[in-house]
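Look at the model first, then read on.

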Amino acid sequence: MTSCLDSMPRAELHLHLEGCIGPELLLQLSERHNFPQGLKTIEDCRRVYSFHDFTGFIQAIKTASQHLLEPADYAVVVDRIMAEAARQHIVWLEVFLSIGILHWKQMEVEPVWRAVEAARLEGTRRHGVELVWIFDGVRQFGAAAMERVVDEALERQPSGSVAGIGIGGDEAAGPAEWFQECFHRARAGGLHLTAHAGESCGAEALWSALRTLRPERVGHGLSAVEDPLLMAELRGSSTWLDICPSSNLRTGVLALAELRKGESPRAEEQLLERHPLPKLLRQAVPVSLSSDDPGIFGTSLLTEYDICRTTLGLSAAEELRLIRNSFVASFMPAEKKQFWLAELDRLTKEAGF
Ligand SMILES: [Zn+2]
C-alpha cells in the first residue's frame, strides 16, 4: 500500500552491502564466476534465502559474500544500491562495508576500496544519492581482527567517505567487552561508532554494548523492551536504535524474544504485529527505520515503512517522525543535516501535515 509520504526524502542508515544481493544478482554472480558447485537457477538462489532463523541467515549472507570475488563485483552491488535508493527517494545512505569479511576471504582491501569508491562517485553523479561507508567487523572473529578493521577505517578516513565503524555477527560468540579498546581507539580517531546489539541476545548483551562500546547507534537493540531500566536509560537519550522489522522476523529474533518471555510459538504474521517498534517510538526511545539486508529478506525501505503503517499501526505523524529521525540519527555533516530537515519541514507543510 503506497502513501503520500512515500515521496518524502529520507535517509537509510543500516544497510549491508552483501545483504543487498538479491536472488537475481546472486545468480548473475554465480554464472559470471562459474562456481563449481554453483547456484544454477533462480530457485537455487531463492532457496539459499529461505531460512527462518539466525543460523540460516548467517549462512545466507556468507553465501552472498562468497560470490563477491573481484572488486568489480562490489562495484556492481554499489551501483544497484544507489539506483534502488533513488527509486525510493532515499537521498543519504550509510552502508556497512564488511572489512572483516574481506580479511576473512583474504581479499586485498585497497582494490575493493578503489572500486566501491568509484562506483559511489558515479552513483552520486547519476542518481543524486549520497553514500558514506561504515567499516564493519565480525564479533566472532575476535578483537585482533576488529583492530585491523579500525586500522583500515582510520587509514581511509581522510577520503571523507568513511563515516565510522560497526560490529555485527554472533553476539553470544563475541561479547562487547572484547572490543572496548578498538572502539575507544576509533572514537579517539574521530570515527562514528555503531554496534549491532540486543538483536539475538537479551537485555544484558545490550547493556554490555552500551557500557563498554558507547556506540552512537545500535543495530536493532530490540531487547531494550525486556528491561524497564534499559528503556529509562535510552528514553530521550542520544543513543539511536536502527530498527529493521522484516530482518527481525526473518532472522528469528522476534520468535526468540517471545521464547525469552515464556510465550508459546506464534505464526509469523502475529510475530510481526507484536514488533516492539511502536512501543519504543511511543516511549520516546530514539529510533529510525532501515531495511538491513533487503536483497536477502526480499524487502526495501519503503516496504518497511509500509509494514509500519499496515501491520504495526503507526499513524502518519509517527511515520513522519521516523522519516525525520533518519536524518537526525545520521552521521551527516551538521550543515547538510540542517538542510534536509528544513527541506522536510517545507515539504510536510506543503503536503498539509
Ligand atoms: Zn545489520
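For a packed pair of helices, an axis is a line fitted to C-alpha atoms over the stretch in contact, and the angle between two axes runs from 0 to 180 degrees between N-to-C directions. The model discussed here is predicted.

| Helix pair | Angle between axes | Distance between axes |
|---|---|---|
| Helix 16 (residues 301-310) and helix 17 (residues 316-328) | about 150° | 10 Å |
| Helix 1 (residues 23-33) and helix 4 | roughly 160° | within 12 Å |
| Helix 4 (residues 71-87) and helix 6 (residues 109-127) | about 25° | 8 Å |

**Helix 16 and helix 17**

The axes of helix 16 and helix 17 pack at an angle of about 150°. Angles over 145 degrees count as roughly antiparallel, and helix 16 and helix 17 are therefore roughly antiparallel to each other. Their crossing is right-handed. On the helix 16 side, the contact is made by Y305, C308 and R309, which meet E319, L322 and I323 of helix 17. By class, these residues are four nonpolar and two charged, with no polar residue.

**Helix 4 and its partners**

Helix 4 packs with helix 6 at an angle of about 25°. Angles under 35 degrees count as roughly parallel, so helix 4 and helix 6 are roughly parallel to each other. Helix 4 passes helix 6 in a right-handed crossing. The residues that make this contact include Y74, V78 and M82 of helix 4, and V112, A115 and A119 of helix 6. The contact of helix 4 with helix 6 has twelve nonpolar, three polar and three charged residues.

Helix 1 crosses helix 4 at roughly 160°, which makes helix 1 roughly antiparallel to helix 4. The crossing of helix 1 and helix 4 is right-handed. In helix 1, L25, Q28, L29, R32 and H33 meet A72, D73, V76, V77 and R80 in helix 4. This contact has five nonpolar, two polar and three charged residues.

**The largest pocket**

The largest pocket holds about 460 Å³ of space. It is lined by 25 residues, and the closest to its centre are I58, I61, I101, V138 and G169. Which elements give two or more residues to this lining? They are helix 3 (54-66), helix 5 (99-104) and strand 3 (130-138). Helix 3 gives the most, with eight residues. By class, the lining of the largest pocket has eight nonpolar, eleven polar and six charged residues.

Note on methods
Residues numbered from 1 in each chain as written. Predicted model: local features only at pLDDT ≥ 70, side-chain atom pairs only at ≥ 80, totals over all residues. Heavy atoms only, no water. Helix = DSSP H or I, 4+ residues; strand = E, 2+ residues; numbered from the N terminus. Parallel < 35°, antiparallel > 145°, perpendicular 65-115°, else oblique. Left-handed = near helix turned anticlockwise from the far one by under 90°. Contact = heavy atoms within 4.5 Å. Nonpolar A, V, L, I, M, F, W, Y, C, P; charged D, E, K, R; others polar. 1 Å grid on protein atoms, 1.4 Å probe; cavity = no way out; pocket = protein on both sides within 12 Å on 5 of 7 lines; lining within 4 Å. Points joined across faces, edges and corners; volume = space filled by probe spheres on them.
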